[in-house]
Amino acid sequence: MIYCRSCGKQLHESAHFCPQCGFSFQIAEPPKPSIWMAITALMLSILTLLVLLASAGDMQTLDALSNLESAFGGNSLKQTLAEEAVNSALGGLIFGLPAGVLGILSLNQKRGGRGMAISSLAIGGINLLLILGLYGLSIK
Ligand SMILES: [Zn+2]
């Protein structure tokens, strides 16, 4: 049973208007799917990917330099490399995690933009690999 929102009379669930006061019910429409969650997830994951790729490039250069340095007995660059790699990995997580959560939520709640949400999760997988790679560099 439901109650009339206007006068409070008890009504059958299928009633479209109240026989007592004439109040007519609009059947509540489900909220329109919003694709913004999927768009945000996709943008965040692409941004994370770009930042991670740039960091990975820097790290490779730094790695090569630190190998050269260690050939001459130094290890200061190795230290820098480790710190930079951890920072980049953390940065990737900070942006990548919300992207993943938004992507999953968007799919779960069937919010629309399904393709974009799936793409954001796929990119998120690549991001995770890059993050692990960067972290791996730091403990080398
Ligand atoms: Zn009523």
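Tutor: A crossing is left-handed if the near helix is turned anticlockwise from the far one by less than a right angle, and right-handed if clockwise. Residues are numbered from 1 along each chain as its sequence is written. This model is predicted: local features need pLDDT of at least 70 and side-chain atom pairs pLDDT 80 or more, while totals for chains, interfaces and linings use all residues.

Student: How many helices and strands does the protein chain have?

Tutor: Helices (H or I, at least four residues) and strands (E, at least two) are DSSP runs, numbered from the N terminus. Read from that terminus, the elements of the protein chain follow the order β-β-α-α-α. The protein chain has three helices and two strands.

Student: What is the radius of gyration of the protein chain?

Tutor: The radius is taken over C-alpha atoms, and the globule rule is 2.2 Å times the number of residues to the power 0.38. For 140 residues the rule gives 14 Å; the protein chain is well over this, so it is more spread out than a compact globule, with a radius of gyration of 27 Å.

Student: What box do the C-alpha atoms of the protein chain fill?

Tutor: The box is taken along the principal axes. Its sides are roughly 95 × 25 × 15 Å.

Student: How far apart do the C-alpha centres of domain 1 and domain 2 lie?

Tutor: The bounds of these domains come from an automatic or database domain assignment. Domain 1 covers residues 1-29 and domain 2 covers residues 36-138. The distance between their C-alpha centres is 54 Å.

Student: Are H2 and H3 roughly parallel or roughly antiparallel to each other?

Tutor: Axes are lines fitted to C-alpha atoms, for helices over the stretch in contact, and angles run from 0 to 180 degrees between N-to-C directions. Angles under 35 degrees count as roughly parallel, over 145 as roughly antiparallel, 65 to 115 as roughly perpendicular and the rest as oblique. The axes of H2 (residues 76-108) and H3 (residues 114-138) come within 8 Å and cross at roughly 160 degrees. H2 and H3 are therefore roughly antiparallel.

Student: How many nonpolar residues does the contact of H2 with H3 have?

Tutor: H2 passes H3 in a left-handed crossing. Nonpolar residues are Ala, Val, Leu, Ile, Met, Phe, Trp, Tyr, Cys and Pro; Asp, Glu, Lys and Arg are charged, and the others, Gly among them, polar. Besides ten polar residues and one charged residue, this contact of H2 with H3 has a nonpolar count of 17.

Student: Is H1 roughly parallel or roughly antiparallel to H3?

Tutor: H1 spans residues 36-71, and its axis comes within 9 Å of the axis of H3, at a crossing angle of roughly 25 degrees. That angle makes H1, relative to H3, roughly parallel.

Student: How many polar residues are in the contact of H1 with H3?

Tutor: H1 passes H3 in a left-handed crossing. In this contact of H1 with H3, 17 residues are nonpolar and one is charged, and the polar number is eight.

Student: How many charged residues are in the contact of H1 with H2?

Tutor: The axes of H1 and H2 come within 9 Å and cross at roughly 165 degrees. That makes H1 roughly antiparallel to H2. The crossing of H1 and H2 is left-handed. Their contact has 18 nonpolar and 13 polar residues, and the charged number is four.

Student: Is Met37 buried or exposed?

Tutor: A residue is buried if 20 or more other C-beta atoms lie within 10 Å of its own, exposed if 12 or fewer, and partly exposed in between, with C-beta atoms placed from the backbone. Met37 belongs to helix H1. Because Met37 has 22 other C-beta atoms within 10 Å, it is buried.

Student: What separates the C-alpha atoms of Met43 and Ala99?

Tutor: Met43 lies in helix H1. With 14 other C-beta atoms within 10 Å, Met43 is partly exposed. Met43 and Ala99 are 56 residues apart along the chain, and their C-alpha atoms are separated by 8.1 Å.

Student: Is Lys110 buried or exposed?

Tutor: Lys110 sits in the loop between H2 and H3. Its phi is near 45 degrees, a positive value in a residue other than glycine. As 9 C-beta neighbours fall inside 10 Å, Lys110 counts as exposed.

Student: How far apart in space are Cys21 and Ala85?

Tutor: Cys21 is in the loop between strand E2 (10-11) and H1. Cys21 is partly exposed, with 13 other C-beta atoms within 10 Å. In sequence, Cys21 and Ala85 are 64 residues apart; in space, C-alpha to C-alpha, the distance is 70 Å.
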